[in-house]
Amino acid sequence: MENRPLFSAEITDIIGTPPRWIVRAGGGLLLGLLLGVAALASSIALPEHHSYPLVLKGEVAPYYLRQSANQLRPLLASGSVVTKGHYLTNASPTDTIGGLRAPFTGTYFSAAPTTVIPGDTLGLLVPLTNTYRFSGRIALGQLTALRQAPALVLEVPLEGTDQALVLHGHLSYIAPAVHNGQVTYIGLLDSSSNQLLAHRLVAITQLNGLLQVSGAPKTVVQRLLQTH
């Protein structure tokens, strides 16, 4: 066996006869390379990232002033800051007071042009300060990462653009019921994110976004062996 040629006579004439130590070393190098790849796959850990859809709502919804049969007339200029209980409209075309009152402190924006048909919008009162809640469902296996996260990251796409608002919040409640391997969570935006959202989206009622959750780092071997 030791004297058996590695290649045919024709190939041997072209490339010659390789030394035996190269043949033996080649097998060792290949084995060492495979062991090195396995060692790297077992030692290098990368975090897992997951995205979950969520719904974002303000606790105080914008207040729409609607025209009534009495032909109400707004008493404020657009952009005025209104305190709770302040008159927004007159009670009738001839009255100067006694109409609709502001249900909360906010900024008033008038509709243009002003309409007189009952049911049409006269203006919009937006909360001066608001608190936004978000909710959604998350996989049970990511619940630990959700609870341990110091701050939750939310991405809210801006309609008509390829950009998204990056917001931060914290977890406030997790429902105990499990359905299809998922649980419902509820959270609140941080104060800075509240201000950012109120500045960019004045009359928000509901937004859809994504909750970004980073799990514990796992090696390649752990990811291959993990079961879903």
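**The core and its surroundings**

Tutor: In this predicted model, the largest nonpolar core has 23 residues, and Leu 56, Leu 146 and Leu 211 are the ones that touch the most other members. Two or more residues each come from strand E2 (49-58), strand E7 (132-139), helix H3 (143-148), strand E8 (152-157), strand E9 (164-174), strand E10 (182-189) and strand E11 (207-214). Apart from this core lies another, of 10 residues, including Leu 72, Leu 88, Ala 102 and Leu 125. In soluble globular proteins, nonpolar side chains tend to be buried together.

Neighbours within four places in sequence aside, Leu 56 is in contact with Tyr 132, Arg 133, Phe 134, Val 156, Leu 167, Leu 189, Leu 197, Thr 205, Gln 206 and Leu 207.

Asn 130 sits in the loop between strand E6 (121-127) and E7. Asn 130 counts as buried because its relative accessibility is 14%, and the cut-off for buried is under 20%. With neighbours within four places in sequence left aside, Asn 130 is in contact with Gly 58, Glu 59, Val 60 and Asn 194. The side chain of Asn 130 reaches the backbone oxygen of Val 60 at 2.8 Å. Ser 191 is 61 residues from Asn 130 along the chain, and their C-alpha atoms are separated by 9.3 Å.

Nonpolar residues also occur on the surface: Leu 30, Leu 33, Leu 34 and Val 37 form a nonpolar patch there, with about 410 Å² of accessible area together. Of these, Val 37 is placed in helix H2 (residues 20-43).

Terms used. Residues are numbered from 1 along each chain as its sequence is written. This is a predicted model: local features need pLDDT of at least 70, side-chain atom pairs count only at pLDDT 80 or more; totals for chains, interfaces and linings use all residues. Side-chain values use heavy atoms; hydrogens and water are left out. Patches are made of residues with over 30% relative accessible area and no salt bridge: like charges are joined within 9 Å, nonpolar side chains (Val, Leu, Ile, Met, Phe, Trp, Tyr) within 5 Å. Accessible areas come from the Shrake-Rupley method with a 1.4 Å probe; for residues, only the protein chains shown count as cover. A salt bridge is a side-chain nitrogen of Lys or Arg within 4 Å of a carboxyl oxygen of Asp or Glu. Helices (H or I, at least four residues) and strands (E, at least two) are DSSP runs, numbered from the N terminus. A nonpolar core is a set of buried Ala, Val, Leu, Ile, Met, Phe, Trp, Tyr and Cys residues joined through side-chain atoms within 4.5 Å. Buried means under 20% relative accessible area, exposed over 50%, partly exposed in between (1.4 Å probe, protein chains only). Contact means heavy atoms within 4.5 Å. A polar contact is a pair of N or O atoms within 3.5 Å; within protein, one must be able to donate a hydrogen and the other to accept it, and residues adjacent in sequence count only if both atoms are side-chain atoms.
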